[in-house]
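Subject: Structure handover and notes

Hello,

Here is the structure you will be working with. My notes follow below it.

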Amino acid sequence: MEAVHTHADHGHHDHGHDDHDHKPTGLKRWLMSTNHKDIGTMYLWFSFCMFIVGGIMALVIRSELFQPGLQIVKPEFFNSMTTYHGLIMVFGAIMPAFVGFANWLIPMQIGAADMAFPRMNNLSFWLLPPAAFLLIGAQFAPGGGAGVGWTLYAPLSTQAGPAMDLTIFAIHILGMSSIMGSINIITTLLNMRAPGMTLMKMPMFCWTWLITAYLLVAVMPVLAGAVTMTLTDRHFGTHFFNAAGGGDPVLYQHIFWFFGHPEVYIIAIPAFGVVSQVIPAFSRKPLFGYASMVYATASIAILSFMVWAHHMYTAGMPVQAQLYFMYATVLIAVPTGVKVFNWVATMWRGSLTFETPMLFALGFLFLFTLGGFTGLVLSITPVDVQLHDTYYVVAHFHYVMVAGALFSAFAGIYFWLPKWTGRMYDEKLGRIHFWLSLVFFNLTFFVQHFLGLAGMPRRIPDYALQFAEFNAISSVGAFGFGFSQLLFLYIVIKTITSGEKAPDRPWEGADSLEWTHLPSPAPFHSFVEPPVIK
Amino acid sequence: MRNLGVNKWIFAVASLLSSVAAWAEYKLNLQTPHTLLGEKIYDLHTIVTIICVIIFVGVFGFMFYAVFHHRKSVGHKAAQFHENTAVEVAWTLIPFVILIALAIPATGTLITMRDTTEADITIKATGYQWKWGYDYLKGEGAGISFYSALSTPRSQIDGEDVAGRQANPHYLLETDNNVVVPVGQKIRILTTAADVIHAWYVPALSVKQDAVPGFIRDTWFKAEQPGIYRGQCAELCGKEHGFMPIVVEVMTAEKYTAWVASQQTKAVAAKVDPDKTWTLAELKTQGEKVFGQNCAACHQATGMGVPGAFPALSGSKVVNGPQQDQIKLVLNGKQGTAMNSFKHLSDVELASVITYTRNSWSNHTGEAVSPASIKAQR
């Protein structure tokens, strides 16, 4: 990726273009934007807003669970909070955050002028606010939000109130947005790479998004199908999920998890991509095993289609099927292990420094691996049957989702903020944000392993007294974690408004095109003429 | 194999993470299993956890070595290697072998776990929103049938009686009728449900099986010691999901035989004369009980319901309208709402609860609904 000829010329060339560029202003700039950078920015801010909304819901849950007994909310409202916390965090916060990264970075990393379909890009983003409006609005539907869990299992979902319909439509809209975004990403990556940038020369982040986008195109329609069947069961007299009419409630679970398991990797794989950019940069050493990293990521994606029923070991299926799903599931540990080993090997004999992005990447590595190990414990069917639907599972997927995806998103934001804004963040505050997040995250979720082992089911608003101590600790941790994120908001605003001017390449080891070829901040239009990669 | 030191490990990590003292009292591991199968599962969990801890320490040993020794601030210069085929093949194959080693004992345990044949006693557990119904189908005690609902007083849950809650060692894990089984016998549990999916979960007996409406699933256990084992519904089933516990009382064979006899006498005594004529007052008194067990969770003891979610019965058009319509609604439920069919209740129970609603709160129809009219409309 280095060794590019007429490097300086191109840089100046871009500058020249920028000077004569008509950048739209005001509301129009954002509403009608077809610029990948502006759309990326909107994705990221949207995701942060949803992160706050979902976070407040989590704090309602943790407040109620601070002590045994029903103190603050009614059980039906509690169920609604667990449902929408999950939906909003998954579909509103984490997924759009990584699409935001994709928008900002993919064109710059492959030397393209923009995304392949800029207008569709605009539509993909602007579908999100109405979906968010529906999800939040569902709380105010007659009877309140649908307390059915983010998995929306039938027949509980067919008996829920009108909020369920709003939720179903929100999912349809989010699905459309994701599919369009993915088509855009695939087309961009396959067609718009600068001359000389072969697929196997793409930065790891681009590779992870190429794979993720294929996963999204494959499974979002499946989810849309599942919720549409729920909708027709609710209103149009079908009985897909009603045994009395010849249907089967467990059918819903099969369809949902055929989407749901790849969804886990849709969230995790771009996170792998970010970390694969950050760790080499701060190790001042190329990524170890680039090719094996690509193959491992692709293997994880392919395997993710073959393991869905490990979410349903207690739902009832033949023992042979359980054995198959157990074997297929443990297999995922192999490529995942390869990735972790590669990251550690990248650091090995490097020249490490520990700025905030690196700290978050290491936090990701450490805690995501812990989540991977509890995943291995859960993959053993007889053990899973004990732990299924308990807090052990809650702890497991928060290690993967929060310490995995969220920490990696933080790493990415601190890493690219200088390129995006042209200003440096406050390093000291960034480190404080990391340590607070790390400590409070573990305080919140580590103890939940014990709750699950001891037999506390998930999604209950009140619990037996033996669970009281760990729940209290977990709630304290959750509030600490929540408030630590306000510091993050402050850091970002401070960077934008008054950060020190950032050099074009603030990180010594960063070597992809956005660092080597573009100034900081990256101009509104970059790579109007593609660089040539040798 | 049990207590192989995982506790200590977890204990150490937990202590590091928080300065709270006196952890030892609290449960840090799976509940002590009381079945042989449960012990196998417990050991399996211990082995997997230990393997994970060893690999974790190994991998992050390398990482932290690099973090401390290969940092720029100690003057370490970056090497530029970026692949090593031998190492890469090794760390693909070695985990593969470890996983196969894990899958072998797991396969054996899983096959045992799913073998529900040759049971001594078969009990059907039916999940309702929000209680369990039990029917003893085969073996000693066949024919026994009862419902089992949470017996923790509402005042302890709502916080009117915090002292009572704190003094209650079985808060939320106690029922009015426990499932009773003999020790040392293979008990097969068939699970099903009447409305939405529930799950029958008793940690100490190592059983968890979803109860799916319209389908029968099964699981089994064989308790090694007499005792009382407590669990909960483990699949989200609506607003009272957290309040439908399962209590299994394991007795010696003699005590179990005595229990069966007492249940059978009770059943005969409770059998009502089908020709009995009921007075309004009798029906209302019985109806209040039935209402508390089946209806009050949604429609509330005040009959006011929850605005927007569950309709009020007090002043309701249906309750104050023709009897037949109300009977029909209660018998068949209302599709697409939380109002399920209550066909599983007896004619007398239904007659009394409908009579109760038609003559309580602001409703004064003065009508008694006879069990015969329920029977006629079934």
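Strand E7 (residues 207-211) of chain B has five of its five residues buried, so the strand is largely enclosed by the rest of the structure. A residue is buried if 20 or more other C-beta atoms lie within 10 Å of its own, exposed if 12 or fewer, and partly exposed in between, with C-beta atoms placed from the backbone. Strands (E, at least two residues) and helices (H or I, at least four) are DSSP runs, numbered from the N terminus.

This is a predicted model, in which local features need pLDDT of at least 70, side-chain atom pairs count only at pLDDT 80 or more, and totals for chains, interfaces and linings use all residues. Residues are numbered from 1 along each chain as its sequence is written, while chains are lettered from A and ligands numbered from 1 in the order in which they are written.

In a regular strand the side chains alternate between the two faces of the sheet. In E7(B), B:Val207, B:Gln209 and B:Ala211 are buried on one side, and B:Lys208 and B:Asp210 are buried on the other. E7(B) pairs with strand E6 (residues 198-202) of chain B in the antiparallel sense over five bridges; two strands pair if DSSP finds at least two bridges between them. B:Lys208 in E7(B) stands opposite B:Tyr201. The hairpin of these strands has four residues between them, and B:Ser206 takes a positive phi there, near 55 degrees.

Chain B also has an open sheet of five strands with mixed pairing, in the order E3-E2-E1-E5-E8. Its edge strands, which pair on one side only, are E3 (145-148) and E8 (217-221). Within the sheet, E1 (residues 121-128) and E5 (residues 187-193) of chain B pair in the parallel sense over seven bridges. B:Gly127 has B:Ala193 of E5(B) as its bridge partner.

As a whole, chain B has 12 helices and 10 strands. Its radius of gyration is 28 Å, well over the 21 Å that the globule rule gives for 378 residues, so chain B is more spread out than a compact globule. That radius is taken over C-alpha atoms, and the rule is 2.2 Å times the number of residues to the power 0.38. The C-alpha trace of chain B spans about 95 × 50 × 40 Å along its principal axes.

In chain A, 33 of the 35 residues of helix H10 are buried, so H10(A) is largely enclosed by the rest of the structure. After H10(A) comes A:Arg284, with a positive phi near 55 degrees.

Regards
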